[in-house]
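Please look over the model below.

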Amino acid sequence: MASTMRSRAHWEESFNIQKQRLGKYLNHIDAKLSFDNFDVYLKDLEASRARQGLRRLLEPNVLDRIKEFTGAVNVLSQADHITLFLWGAIQAILKTRLGVRAHEHIINLTEANLRRQAVANGIPFHRNPRFQGRDTVLNDLHKILRSRDGAAGTSSQTSCIIHGIGGVGKTQVALEYTYRYREDYSYIFWVRAGSSVQLSTSFASFRRSLMPNIEVQDQLANVNLVRDWMVTNDRWLLVFDNADATDVDLSLFWPPTPHGDIIVTTQRRDFSHWAAKDIHLDAFGEDDGAHLILDIIDSSAQTRSEKSIRTARNISLELGGLPLLISHIAGYIEGTKAPLDSILGNLRHPSGFKRIWAFDSTTSTNFQYGESMTKVWRLALNSLKPEALRTLHIMALLSPDEVHEDLLFGDWQDAELAFLSDQRRHEFDAVRKSLIDRHLVTVTRNTKSTKLSIHRVLKKYILQQIDDEGNDKLNLVFQHAVSMVHRKFPHADDLQTPNSAASLECEQCLPHILSLLTIYRDWSPKVKATFDFATLLADTATNYMWERGLTADAVDILETGERVCNDLSHMEEIRPVYADICAIAGSVHETIGLSGRATALQECEKGLSLRQETVKTLQERGQDITVQGVLQLANAWNDVGVVKLSYGDFEAALTYLMESQRLKRLHKAETDIPWHYGELYKNLAIVKLHQGDTAGAEEDARRSCELCCSGRTEKDASTQKARSILGIVLMNIGKTDEAFKLLKGVYEVRKEILGETNLHTRNSLYLVAELHRRKGELCEAESDFRLALNQCEFSWSDESIARARYHLALVIKARPDKLNAERQREAEELTRKARETRDRVALSDERAIIPDDELKSFDFIVSLLAGRWIEKAR
């Protein structure tokens, strides 16, 4: 105890002395740095000394712990002054606790050693022990990224595109670089860049790692936070892996900073413009390919016969020299111990081999797919036991990256899935091993989960193989995959009550849902619609897309959901699911504005008709109508009323809203279903504004807010929606100051929980700016309108952008003291663009009656929930 106190005192003394040397760097010291944080390392050192003497200090396990600690702190500090301070403090406490001069034994842990402990985020694989044949490429890549003077990350940003055909080893080159040159970096970020969803998910993971205390759900906000971090920090490496999709736009994710290193791997040569340099990765030559084959099947051999080398060369040629395919075939040879001559004969057999993979590296970066790939994978797949093959079949229906093993296990009734029951999890180790041994999957693990990945070309090949089996095999596997994802995905409330929880589960499942969506479209009618699939799509749009304002993605999923329901129209039980999809589709399209309003009305009327048909069928049969069924019908009446309000047809809207209220009051009190009554009162408040009943509008709006917020937290998205509506009503009745305070608060909370670029957040910012304008606070109004329009295309509809542009032009012209020729031209251009958009969207809906008053016309074209000045009845 006394020793501990002396050590602690010495630590504090050294700590304070060293802090005096830091000057302006003092604020960079991590508050968590303390004697207690380091004490665990000291105990290990003491135990090692007691057992084997000081030489134990130099062994890797102890030394690595010191490196990890000092390296992690050094990464936090990012300043040489702070590094010296930390190293001095660590030496002081080591000397005090261990006696003698233990610190001298580890004093050779220089700054270079400290830098080796780079924080790696997202790297998908362990280092490949058999990596070979790319030393020249790696040297070239390192020269490109280190072409500037000084240490990495200190002068200017360098970048390199690695492009070539799929399977040529681009990812492996980038992976080896992150391990071989890790000492050059403090942070390494690995991005799965195959789609916009993967890019956003990777950056969301980086944000959680870098800024764990910040809660953000908006995709672009995560991206911007990470990019901003990269601007203010250096010594990082960013890898965009498999940026192959034509719709992937790296500009949103590329850090706008003069430092840092960036690698992009892609099959596309036209991506070369993204980087300062590019490397075209060719296939292996026959010698390198042969060496890889022989190394995999017998790495211990000291000498190899000329015949085996020659045969291995020929196999490499048959496989097009692609490392991916060579590793597959070599894995098969290793596992089966088949002679090389036999393998080469099988690959060359005229009845089973058609060469469809051709590549001339001097003229093209694109091979043509060939039978060589088919043959390789056929041999590997034929070597699997049925359980392993079924696992691959299911994975082929899902996203190829990061299938969480937990997704596969459950209480499955189908006998083919019995091996994936929870009770037999331990048996899956053998299945996994066989897939790894044949190089058919890769596995990544962390403390929480095990994830399997499959090559995207192998996925396509397996899909084709499943289809070739016939007997409805592809459809059966599709239904298995749907069941697995649906079981994992959070289910929507029967009344579609908003739920902002379980976002992590939604994120994990979304790539697989999108994969199933694509397969359903591409392989229908071989892949058939099911009730389970329809429900999964409805839940996805409700629990994830719609809740987070991802309008475009939600529309895509809902359109497929309707197609599924139409294919199942003969099933009576599909009606409620179809009605759910129509209700969400109506809400999503109404959010767009006038260009989506006609579709919104059509969807809501269809949903109401489906609810009515269900009730009618039960009545004709003499069966009881459930309370839930009545409430769903009431909500359908309300949904149509909302779209009528958007059109300004207040009289018709009132009819629908009153019927909704009547049905709800028949069965449930306000306290039973507060959110749904709150929605009703919100809509009635809008009607009363139009009628000129300001007192009634305010009363209903306040009651709506009270009910919708009941049982919800301050940071629930629905709470902020209710407060926003109350603010809109208050500004319409002239209570400007209260409305401004309320809407400003909504904006701040939405910015925190949804992100600054979320469409709901932008709507709130617009309302704050508009109230500034109404109050004559033109400087603040201009600033907020400009902020709302910044990067607005990411989430805002054309209608909302047009309205904001028009109002910004009004503010610019209303500031004569600032109005010069340049600002005048800007205002005129903003007005021109706004009118152009308004006139274009007006043509999309024949039923729309655009107000003659220009200011009101821009209010009319946006969504009702975006906030409007409600015109009173004449």
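**Histidine 393**

H393 touches I462, I466, E469, K473 and V477, leaving aside residues up to four places away in sequence; contact means heavy atoms within 4.5 Å. This is a predicted model, in which local features need pLDDT of at least 70, side-chain atom pairs count only at pLDDT 80 or more, and totals for chains, interfaces and linings use all residues. Residues are numbered from 1 along each chain as its sequence is written, and side-chain values use heavy atoms, with hydrogens and water left out.

- H393 lies in helix α16 (residues 386-397); helices (H or I, at least four residues) and strands (E, at least two) are DSSP runs, numbered from the N terminus.
- H393 is buried, with a relative accessible area of 7%; buried means under 20% relative accessible area, exposed over 50%, partly exposed in between (1.4 Å probe, protein chains only).

**Cysteines**

- The structure holds 0 disulfides, a disulfide being a pair of cysteine sulfur atoms within 2.5 Å.
- C604 is in no disulfide, and the nearest cysteine sulfur, that of C582, is 8.5 Å away.
- C604 is buried at 4% relative accessible area, and C160 is buried at 0%.

**Helix α11**

- Helix α11 (residues 286-297) has 12 residues.
- Its buried residues are G289, A290, L292, I293, L294, D295 and I296.

**Sheet β7-β9-β8**

- Three strands form an open sheet in the order β7-β9-β8, with antiparallel pairing.
- β7 (403-404) and β8 (442-445) are at the edges with a single partner strand each, so one side of each has no neighbour in the sheet.
- H404 has K451 in β9 as its bridge partner.

Terms used. The expected span of a helix is 1.5 Å times one less than its number of residues. Two strands pair if DSSP finds at least two bridges between them.
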